[in-house]
Amino acid sequence: RKVGGMAASEPIRYHVAAAEKLDSLNAVSPGSVDLITAAMAAQWFDMQLFWQQAGRLSKPGGTVALWTLTSGYCHPSTYNAEEVQKILWELEHVTFKPFEPPALHIARKLYDSLPLPWTASPSIDVFPESKYVRLEWNRDGQVKPNAHFFSATPPYMVSLEKFESALNTASMTKSWRDAHPELAGTDADCIKVAISRLSVALEGREGFEHGRSEERRVGKECRSR
């Protein structure tokens, strides 16, 4: 809010509301919204209620764009890529497995099972299936040239410091630490162990080339690059 800014001729306004209660935002009129987006969040929504809200607020021909990321992969060009990938995989699928909430399965499968307006019950006819577009990048870690949504020149380098910082914000990290309070923050902390192993595998290099499978779901009118 302090940063402020303008969108076209209107000031940017910030509000907080649940995805299922968007019409509680008095500043947003029904039928006035061009674009509704959600990044790495729709798996937590009650999609039936979300689609109802989105339908009421969207302009005719407006867009809903949802995207997610799945399992983490190092780029094949990463130094010692096989060992780096093994460490990433063990952290996600062994260490974190007992603490993975069901909603994350939906994200990990690239929203294959996420309810859409025409699959919801009852169905919502504001967003026609004929306008639906699904785009995927690098599913299951299968890297294709120039196939990346977030970076124009993939792969991109992530430092171990930034990677550790990101992992520290993960919900499964918090759940693991809540279950192991005597280890949290020590050298035996699950994130400290993973970062230490990555450092050894990279032989002192500061980071690795990182990529993810990505998916966007777009409803109604859309123009994609």
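**Overall fold**

Analyst: Among contacts (heavy atoms within 4.5 Å) in the chain between residues at least 6 apart in sequence, 76% join residues at least 24 apart. The model is a predicted one, in which local features need pLDDT of at least 70 and side-chain atom pairs count only at pLDDT 80 or more, while totals for chains, interfaces and linings use all residues. Residues are numbered from 1 along each chain as its sequence is written, and side-chain values use heavy atoms, with hydrogens and water left out.

User: How many helices and strands does the chain have, and in which pattern do they follow one another?

Analyst: Helices (H or I, at least four residues) and strands (E, at least two) are DSSP runs, numbered from the N terminus. By this definition the chain has six helices and seven strands. Along the sequence their pattern is β-β-β-α-β-α-α-β-β-α-α-α-β.

User: What percentage of the 225 residues is buried?

Analyst: Buried means under 20% relative accessible area, exposed means over 50%, and partly exposed lies in between (1.4 Å probe, protein chains only). For the 225 residues of the chain, the buried share is 39%.

User: In which sense do strands β3 and β4 pair?

Analyst: Two strands pair if DSSP finds at least two bridges between them. Strand β3 covers residues 33-39 and strand β4 covers residues 58-74, and six bridges link them. One of the residues involved is Leu35, whose bridge partner in β4 is Thr63. The sense of the pairing is parallel.

User: Which handedness does the unit of β3, helix α1 and β4 have?

Analyst: A crossover is right-handed if, with the strands pointing away from the viewer, the path from the first strand over the helix to the second runs clockwise. Here helix α1 comprises residues 47-57. The β-α-β unit that it makes with β3 and β4 is right-handed.

User: Is α1 mostly covered or uncovered, and against which strands do its buried residues pack?

Analyst: Helix α1 is mostly covered, as eight of its 11 residues are buried. Among them are Met47, Phe50, Trp51 and Leu57. The buried residues of α1 pack against β3 and β4.

User: Which residue caps the N-terminal end of α1?

Analyst: A polar contact is a pair of N or O atoms within 3.5 Å; within protein, one must be able to donate a hydrogen and the other to accept it, and residues adjacent in sequence count only if both atoms are side-chain atoms. At this end of α1, a side-chain oxygen lies 3.2 Å from the backbone nitrogen of Gln48. The capping residue that supplies this oxygen is Asp46.

User: Is Thr173 buried or exposed, and which backbone oxygen does its side chain reach?

Analyst: Thr173 lies in helix α5. Its relative accessible area is 0%, so Thr173 is buried. Leaving aside neighbours within four places in sequence, Thr173 is in contact with Phe96, Leu167, Asn168 and Ile191. At 2.7 Å, its side chain reaches the backbone oxygen of Leu167.

User: How many disulfides are there?

Analyst: A disulfide is a pair of cysteine sulfur atoms within 2.5 Å. Cys74 is buried at a relative accessible area of 9%, and Cys190 is buried at 6%. By the distance rule, the count of disulfides is zero.

User: Where is Leu110 found, and what is its phi?

Analyst: Leu110 is in the loop between α3 (102-108) and β5 (133-137). Leu110 is buried, because its relative accessible area is 1%. Although Leu110 is not a glycine, its phi is positive, at about 55°.

User: How far apart in space are Glu90 and Ala194?

Analyst: Glu90 is in helix α2 and counts as partly exposed, because its relative accessibility is 27%. Glu90 and Ala194 are 104 residues apart in sequence. In space, from C-alpha to C-alpha, they are 8.9 Å apart.
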